[in-house]
Amino acid sequence: MLSINDLQNGINIAYEGTPYQVLEVLHLHIGRGGSSIQTKLKNLKTGGVLNRNFKPSDTFEEADILKQKVKYLYNHREEFWFCEESNQVNRFKISREQLGGATNFLKPNTVIEALKFNGE
């Protein structure tokens, strides 16, 4: 488990079951009140940015993210098919919603880096 003191720019955490990358951390201490941190987190599934304040009692899990080279094969009815770069038999699909605007730049046989979190 990570505490607010362990949060640094660039690390990946799991917050509310979703993987985030920490973009900014700002430690705040206001008068006699307790300290807190202000963060900017990037959702690694959707790409959205979340601004959130945390108290010293908050804890986080480090996100177990696997980076893997994959090859784009083709798309069919809003499903985009990929395979592992080294093993083309191991194929999987990703929805247009998960890929977002990246679908405009995919061409067959393009190798990209995919992030895997909890089997997704």
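This is a predicted model: local features need pLDDT of at least 70, side-chain atom pairs count only at pLDDT 80 or more; totals for chains, interfaces and linings use all residues.
User: How many helices and strands does the protein chain have?
Analyst: Helices (H or I, at least four residues) and strands (E, at least two) are DSSP runs, numbered from the N terminus. Reading from that end, the elements go β-β-β-β-β-β-β-β-α-β. That comes to 1 helix and 9 strands.

User: What is the radius of gyration of the protein chain?
Analyst: The C-alpha trace spans about 60 × 25 × 20 Å along its principal axes. The radius is taken over C-alpha atoms, and the globule rule is 2.2 Å times the number of residues to the power 0.38. A compact globule of 120 residues would come out near 14 Å, but this chain has 18 Å.

User: What share of the residues is buried?
Analyst: With a 1.4 Å probe and protein chains only, buried means under 20% relative accessible area, exposed over 50%, and partly exposed in between. Of the 120 residues in the chain, the buried share is 29%.

User: In what order do the strands of the open sheet sit?
Analyst: Two strands pair if DSSP finds at least two bridges between them. The open sheet has 5 strands, and the pairing is antiparallel. Its edge strands, each pairing on one side only, are β4 (49-54) and β5 (61-62). The order is β4-β3-β2-β1-β5.

User: How many bridges join β2 to β3?
Analyst: These two strands run antiparallel. Within β3, S35 stands opposite H29. The number of bridges is 9.

User: Which residue in the turn between β1 and β2 has a positive phi?
Analyst: Strand β1 (residues 12-15) runs antiparallel to β2, joined by 4 bridges, and I13 has Y20 as its bridge partner in β2. The two strands form a hairpin with 2 residues between them, and the turn residue with a positive phi, about 55 degrees, is E16.

User: On the β5 side, which residue is the bridge partner of A14?
Analyst: β1 pairs with β5 in the antiparallel sense, over 2 bridges. The partner of A14 in β5 is E61.

User: How many salt bridges are there in the whole structure?
Analyst: Side chains of opposite charge can pair when their charged atoms come close. Here a salt bridge means a side-chain nitrogen of Lys or Arg within 4 Å of a carboxyl oxygen of Asp or Glu. A search of the whole structure finds 3.

User: How far apart are the closest N and O atoms of K40 and E24?
Analyst: K40 lies in strand β3 (residues 35-43) and E24 in strand β2 (residues 18-29), 16 residues apart, so this pair links distant parts of the chain. K40 is partly exposed at 28% relative accessible area, and E24 is partly exposed at 44%. Their closest N and O atoms are 3.9 Å apart.

User: Which residue does R96 meet in a salt bridge?
Analyst: R96 is in helix α1 (residues 96-99), and its partner is 18 residues away, in the loop between β6 (65-76) and β7 (79-84). R96 is partly exposed, with 33% relative accessible area. The N to O distance is 2.7 Å, and the partner is E78.

User: Why does the pair of E79 and K93 tie together separate parts of the sequence?
Analyst: Their side chains meet in a salt bridge, 3.3 Å from N to O. E79 lies in strand β7 and K93 in strand β8 (residues 91-95), so the parts they tie together are 14 residues apart in sequence.

User: Which strand gives the largest share of the lining of the largest pocket?
Analyst: On a 1 Å grid over the protein atoms alone, a pocket is an open set of points where a 1.4 Å probe fits, with protein on both sides within 12 Å along at least five of seven lines; lining residues have an atom within 4 Å of a point. Of the 30 lining residues, the closest to the centre are L44, K45, I94, Q98 and L115. β3, β6, β8, α1 and β9 (111-117) each supply at least two residues. The largest share, 6 residues, comes from β9.

Conventions:
Residues are numbered from 1 along each chain as its sequence is written. Side-chain values use heavy atoms; hydrogens and water are left out.
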